[in-house]
Amino acid sequence: MRNPYLPYPVRIADVCIETEDNNLRSYWLEFLHEEDAANFQYIPGQFAELSIAGFGEIPIGIASSPTEGNKLLFTVNKTGVVTEKLHTMLAGDIMGVRGPLGHPYPLKESEGKNIVIVAGGFAVTTLRSTMVWLLDPANRSKYGDITFIYGARTPGMLLYQEEMRTWQGQEGLDCRITVDREAEGWDGLVGFVPAVTEEVSPKPDNAVALVCGPPIMIKFTQPVLDRLGWQGDQIILSLENRMKCGIGICGRCNVGPHMVCKDGPVFTKAELDELPKEY
Ligand SMILES: Cc1cc2nc3c(=O)[nH]c(=O)nc-3n(C[C@H](O)[C@H](O)[C@H](O)COP(=O)(O)OP(=O)(O)OC[C@H]3O[C@@H](n4cnc5c(N)ncnc54)[C@H](O)[C@@H]3O)c2cc1C
Ligand code: FES
């Protein structure tokens, strides 16, 4: 059996600055060895541990979709030791990827259903993966209507903007991109994500909602979904607890009896309601 702590060596194929504050960068990573790419079979919602020799290892959600080929996309916010180092790295540099880790979004179980995605800020990464996966011609017909609601503070803080523009207007897809305040040059929606969710009022019938964003967004979106009749087992959330091993061994990420790295990071709202509020 392969040592689960051993990262696959990868090369940075491309780097792009995503946001106007320069704090979020996207990295396309390519495996150095073809057999490693074949071993790294993932589903949207999973994450990986990114490692930089001499600096450490960090859990980051996988933003690419397996339908896009062997390269992996990660979008990283500059917050501390490892992420600051990563922000100095360029195309051609070598680093490590360990994974895929954790449970994915329940896409197989949601076949035949309408999908509602509600995202805020840079938590949209694994939902970008989900959208690309859902919109792939091989998958699209397995699902009903898709509603995608995504917001950021300003237009310059929206991730993957060009790509999201290509989603707008697609049949069976209601795509709402919003910013918190009016801004020069922005002729799109203005308003907080919970308000836009209220306006769209997605129906819970035969549907599942994937909700990912900052705690304040979740706090105000939840009552909107409650009023619309959504049940706890139809709402899927993703946690970002501090982690170490990523494989359920060290106990660093536990919430009650669950290890978020292994049993999550994806949980239903009903499951989280049963747990102590340690997340
Ligand atoms: C499943 C999962 C998916 C994630 N996906 C992404 C992603 O797609 N993009 C992204 O930018 N980040 C993501 N994160 C958060 C990311 O792991 C942390 O920002 C990173 O570990 C910080 O490492 P550092 O060495 O740069 O910072 P450190 O030097 O370790 O810490 C700097 C600051 O960041 C805070 N911090 C560290 N880890 C976390 C954490 N897990 N949650 C909240 N605050 C933290 C610390 O409290 C400290 O204030 C994810 C975390 C998890 C668990
Ligand atoms: S990070 Fe070690 S058990 Fe989850």
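Predicted model: local features only at pLDDT ≥ 70, side-chain atom pairs only at ≥ 80, totals over all residues.

A polar side-chain atom of Thr 83 lies 2.5 Å from an oxygen atom of ligand 1. The protein buries 74% of the 880 Å² that ligand 1 exposes when taken alone.

**Polar contacts of the ligand**

- The backbone of Val 81 also takes part, with an N or O atom 3.0 Å from an oxygen atom of ligand 1.
- At Thr 75, a polar backbone atom is 2.9 Å from a nitrogen atom of ligand 1.

**The shell around the ligand**

- Ligand 1 is surrounded by 20 residues, of which Pro 59, Thr 75, Asn 77, Thr 83 and Arg 242 are the closest.
- By residue type, this shell around ligand 1 consists of 10 nonpolar, 8 polar and 2 charged residues.
- Two or more shell residues come from each of β4 (56–61), β5 (72–77) and α2 (81–86).
- Strand β4 makes the greatest contribution to the shell, namely 4 residues.

**The nonpolar cores**

- The largest nonpolar core contains 37 residues, and the members that touch the most others are Val 124, Phe 148, Tyr 150 and Trp 167.
- Elements that supply two or more residues to this core are the helices α3 (125–135) and α5 (161–167), together with the strands β7 (114–120), β8 (146–152), β9 (173–179) and β11 (207–212).
- Helix α3 provides the largest share of this core, with 6 residues.
- Beyond its neighbours within four places in sequence, Trp 167 is in contact with Arg 128, Met 131, Val 132, Leu 135, Phe 148, Leu 173 and Cys 175.
- There is also a second, separate core of 27 residues, and its members include Met 217, Leu 225, Ile 235 and Leu 275.

**A buried histidine**

- Where is His 87 found? His 87 sits in the loop between α2 and β6 (94–101).
- Is His 87 buried or exposed? His 87 counts as buried because its relative accessibility is 8%, and the cut-off for a buried residue is under 20%.
- Residues up to four places away in sequence aside, His 87 touches Asn 22, Asn 23, Leu 24, Arg 25, Tyr 27, Val 76, Asn 77 and Lys 78.

Technical notes:
Residues numbered from 1 in each chain as written. Chains lettered and ligands numbered in written order. Heavy atoms only, no water. Near = heavy atom within 4 Å. Polar contact = N/O pair within 3.5 Å; in protein donor to acceptor, adjacent residues only side chain to side chain. Areas by Shrake-Rupley, 256 points an atom, 1.4 Å probe, with all protein chains shown as cover. Nonpolar A, V, L, I, M, F, W, Y, C, P; charged D, E, K, R; others polar. Core = buried A, V, L, I, M, F, W, Y, C linked by side-chain atoms within 4.5 Å. Buried < 20%, exposed > 50% of the residue type's maximum accessible area, 1.4 Å probe, protein only. Contact = heavy atoms within 4.5 Å.
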